[in-house]
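Please read it alongside the sequence and the structure shown next.

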Amino acid sequence: MEITNVSEYEAIAKQKLPKMAYDYYASGAEDQWTLKENREAFSRILFRPRILIDVSKIDMTTTVLGFKISMPIMIAPTAMQKMAHPEGEYATARAASAANTIMTLSSWATSSVEEVASTGPGIRFFQLYVYKDRNVVEQLVRRAERAGFKAIALTVDTPRLGRREADIKNRFTLPPFLTLKNFEGLDLGKMDKADDSGLASYVAGQIDRSLSWRDVKWLQSITTLPILVKGVITAEDTRLAIQNGVGGIIVSNHGARQLDYAPATITALEEVVKAAQGRVPVFLDGGVRRGTDVFKALALGASGIFIGRPVVFALASEGETGVRKVLQMLRDEFELTMALSGCTSLSKITRNHIVTPSELNNSISRL
């Protein structure tokens, strides 16, 4: 069967993967309302396309933290990619590099920062969880710096792991032939079997629940790399992030895997953008499956988006080729959306190119 869009990889991944692995990647927290909403909220935003504009040349290039990339579509951190495919993060890194875009490596990767760096050149960010043992954190940051990573994406929405019921039912744990490679030498690379989710037990044992803005300051004191805070969805936290000197904000609800009934990220985006007032770049992850979604996020003020699940599902289906195809399909769709909306570069995409549900309701009530 010919794959014609990103979402089609999920069904193939479901067939190919062991149930425990597929459920780990696919599921959200509790009722999975936010999981569904991350997608559905995009479908409620409509276009206001402009016509009779010369769109024979379209420029999708952009700059993120000073690095020029081919498009505002980047790869989000997703854990344990070797559960999806033997080449795991290696394949993802090569695909990102070939597409001239940014890959974010998860702390909980099944390939180390050094191994990913060994795949060749590329612009890479490192996603960081703050462990109770700060020496572990400092070592990780140093290794990411040495391996040429360009920024830290600090996950701030996980003082505890969300309740992911599929993982509890499956007694999720990392397969015995894999380790969390970044922690292998620190005796933190294995995950014990537990009476619920092995990952939830691991997080409870290792990740620091006391994490606060003070720790963001500490992180800045040990590295010169820019710090993006990942997991901000309110204006209040946006203002605090900027006061604390962050390099950027990723509007994220952790792929709907943490707090269920948090809003879709595309719904929360504009509140964050308005509070940021252009002082730092704002990015979005969660629910992006189409080029039209990318355009909607940029119209609402995002500087770029990150994709997570589409990468692991494509990886499970076709390895590196699958990830390359996902990036190419999203790129092609986004370029087409730009052309059909009358936008020849990212700077031409404005808030006037879309209409949100509240605006639709207001215009109907005025009739």
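Ala, Val, Leu, Ile, Met, Phe, Trp, Tyr, Cys and Pro count here as nonpolar, Asp, Glu, Lys and Arg as charged, and the others, Gly among them, as polar. On that basis, the lining of the largest cavity divides into 13 nonpolar, 9 polar and 6 charged residues. The model is predicted: local features need pLDDT of at least 70, side-chain atom pairs count only at pLDDT 80 or more, and totals for chains, interfaces and linings use all residues. Residues are numbered from 1 along each chain as its sequence is written, and side-chain values use heavy atoms, with hydrogens and water left out.

**Cavity**

- A cavity is, on a 1 Å grid over the protein atoms alone, a set of points where a 1.4 Å probe fits but cannot get out; a pocket is an open set with protein on both sides within 12 Å along at least five of seven lines; lining residues have an atom within 4 Å of a point.
- Grid points are joined across faces, edges and corners, and a volume is the space filled by probe spheres set on the points.
- The structure holds 1 cavity of 30 Å³ or more.
- The volume of the largest cavity is about 420 Å³. Its lining has 28 residues, of which Pro-77, Thr-78, His-254, Gly-255 and Arg-257 are the closest to the centre.
- At least two lining residues each come from helix H2 (19-26), strand E11 (304-307) and helix H13 (309-341). Helices (H or I, at least four residues) and strands (E, at least two) are DSSP runs, numbered from the N terminus.
- H13 gives the largest share of this lining, 3 residues.

- The largest pocket has a volume of about 270 Å³. Thr-155, Val-156, Leu-211, Ser-212 and Trp-213 are the closest to its centre among the 16 residues that line it.
- The lining of the largest pocket is made up of 9 nonpolar, 4 polar and 3 charged residues.

- Asp-215 sits in helix H9 (residues 213-222).
- With 9% relative accessibility, Asp-215 counts as buried. Buried means under 20% relative accessible area, exposed over 50%, and partly exposed in between (1.4 Å probe, protein chains only).
- Leaving aside residues up to four places away in sequence, Asp-215 touches Arg-134 and Ser-210; contact means heavy atoms within 4.5 Å.
- Arg-134 and Asp-215 form a salt bridge, with the closest N and O atoms 2.6 Å apart. Arg-134 lies in helix H6 (residues 134-146) and Asp-215 in helix H9, so the pair ties together parts 81 residues apart in sequence.

**Other salt bridges**

- A salt bridge is a side-chain nitrogen of Lys or Arg within 4 Å of a carboxyl oxygen of Asp or Glu.
- The whole structure contains 19 salt bridges.
- Glu-37 and Arg-44 are joined by a salt bridge of 2.4 Å, N to O. Glu-37 is buried at 10% relative accessible area, whereas Arg-44 is partly exposed at 35%.
- Lys-325 and Glu-318 form a salt bridge in which the closest N and O atoms are 3.1 Å apart. Lys-325 is partly exposed, with a relative accessible area of 34%, and Glu-318 is partly exposed, with 31%.
- A network of salt bridges links Glu-87, Arg-94, Glu-320 and Arg-324.
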